[in-house]
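This report is for a reader meeting the structure for the first time.

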Amino acid sequence: MRAALGLVLVSALALGACSSGGDSEETTTGAAACAPSSGPVTLTYTTWIPGIDNVVKLWNDKNPNIQVKVQTGPNGNGGTYANFFNQLKAGNAPDLGHIEYDALPSFRVQDGLTNLADCAEVTAAKDQFVDWTWGQVSFGEQNAVYGIPQDTGPMGLFYRKDLFEKNNIPVPTTWEEYAAAAEKVKAAGGYITNFSQSDISQFAGLSWQAGGRWFANDGTKWTVNLQDEGTTKVANYWQDLISKKLVSAVPPWTTEWDNAYNTGQAWTWVSAVWGANSIKSGAPDTSGKWAVAPMPQWTAGGTVAGNWGGSSTAVFKGSKHPYEAAKFALWLNTSEEALTALNKEAQLYPATKAGAKLPALSEGVEFYGGQKIYDVFATASTQVAPDFVWGPTMTSTYATASDGFKGVVSGTGTLLDVLKTTQTKTVADLKAQSIPVAE
């Protein structure tokens, strides 16, 4: 995010009269008073990363005086963020939390994060990370770091190579070809993909690729536009597929969703690099049958990718051990040991510059027929426009859109109707928190 974002967020905090509070002795604009705790400490860390226990064990085995207790839950928009907000309100939030970049501003506006700028050499780690990811956690503020970048989510096309070959269907390289393939897949008894009715982050990534820019600010006011040209194009495209019943609409991250991929009912998934693990774990019977291709393009020969997700490890306001929490977060997201383990367990794509060159990322992946799938995502990561800005109330924006999308797949309204409603509600939410909005 750009520096202007930080200015607006700080302004929003001041206008919203948020108190600093908590045990971290942090002011609204200053960093936490951060010093090592006396004696052994146990940190709590809530995340939904698959296999995270195995990664954290590497740390615990080598750091007897700073032990980390893992608490797992559903993905952020699936319930964990709501739990975080409730825990912050009750004063019993974990020390550390897994927060995606798009949701981080919501926690910042609610004054729920510890500024780690003076903790455990955090600021000195800046140059280790891909530039745009550091902007996601600092919001462009001076002497401010509200989380440690963890991973990024460049998008590609996961597809059942065997089914496409068996039915003589070319792998689509454009969205026009993708729609044509959807007709052929339906004739063969399947669905080309599943339209996510609840995780709106995918739709955001698709809009990002198409040139949609939902939020902007001029340093004093926010502009909200969920109906711009790029987003409208994406909405109309998927509305057509939904209306023609060419896509399924199973709630994501469910057993039913997994079964659709495991049984060959769903043939593709336009997803982020971390989706490699979701398919591998949810569709184990299809090992060796999948491959990865670049995202379909709106213009033939184009080279534009979207981004879905990407996360940070944040320390919540009220943690009694911000120094130790920051030290663990840095290890988790910068050490070769941890980054290799995170990739092995969850196929996370590191946010560090060195992480992209890990030996594990240059190897063929057995589940994907030995294909070096990370080469596709390495290229895609260079094709993501860096100017997509997240709004300060994304959790609410997503919740409104999700409610509407669920109605659309059931035959009520259209995606454009939902976007219009979501924009109105988002503007109202910003105003309710005294965040300036351009009319």
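## The disulfide

The link of Cys 34 and Cys 119 is right-handed, with 120° about the S-S bond. This pair joins distant parts of the chain, 85 residues apart: Cys 34 sits in the loop between helix H1 (3-15) and strand E1 (41-47), and Cys 119 in the loop between helix H4 (104-109) and helix H5 (131-138). Helices (H or I, at least four residues) and strands (E, at least two) are DSSP runs, numbered from the N terminus.

The structure holds one disulfide, a term used here for a pair of cysteine sulfur atoms within 2.5 Å. The sulfur atoms of Cys 34 and Cys 119 are 2.0 Å apart, and both residues are buried. Buried stands for under 20% relative accessible area, exposed for over 50%, and partly exposed for what lies in between (1.4 Å probe, protein chains only).

## Model and confidence

This is a predicted model, in which local features need pLDDT of at least 70 and side-chain atom pairs count only at pLDDT 80 or more, while totals for chains, interfaces and linings use all residues. Residues are numbered from 1 along each chain as its sequence is written, and side-chain values use heavy atoms, with hydrogens and water left out.

The chain has a mean pLDDT of 90, and 92% of its residues reach 70 or more; pLDDT is the predictor's confidence in each residue, from 0 to 100. Over residues 1-29 the pLDDT is below 50, and this stretch has 74 contacts in the model beyond near neighbours in sequence, a contact being heavy atoms within 4.5 Å.

## The nonpolar core

The largest nonpolar core has 135 residues, and those with the most contacts inside it are Tyr 45, Ile 99, Trp 238, Phe 328 and Tyr 368. Helix H12 (residues 322-334) gives the most to this core, with seven residues. Such a core is a set of buried Ala, Val, Leu, Ile, Met, Phe, Trp, Tyr and Cys residues joined through side-chain atoms within 4.5 Å.

Residues up to four places away in sequence aside, Phe 328 touches Leu 43, Tyr 45, Val 56, Trp 59, Val 68 and Leu 96.

## Helix packing

Helix H7 (residues 175-187) and helix H9 (residues 229-243) pack at an angle of about 5°, with their axes 11 Å apart. H7 is therefore roughly parallel to H9. The contact between them involves Trp 175, Tyr 178, Ala 179 and Ala 182 of H7 and Tyr 237, Trp 238 and Leu 241 of H9.

H9 also packs with helix H16 (residues 415-432), at an angle of about 140° and with the axes 8 Å apart, so H9 is oblique to H16. Axes are lines fitted to C-alpha atoms, for helices over the stretch in contact, and angles run from 0 to 180 degrees between N-to-C directions. Angles under 35 degrees count as roughly parallel, over 145 as roughly antiparallel, 65 to 115 as roughly perpendicular and the rest as oblique.

## Loop residues

Asn 168, in the loop between helix H6 (161-166) and H7, has a positive phi near 55° although it is a residue other than glycine, and Asn 168 is exposed, with a relative accessible area of 67%. Lys 245, in the loop between H9 and helix H10 (255-262), likewise has a positive phi of about 55°.
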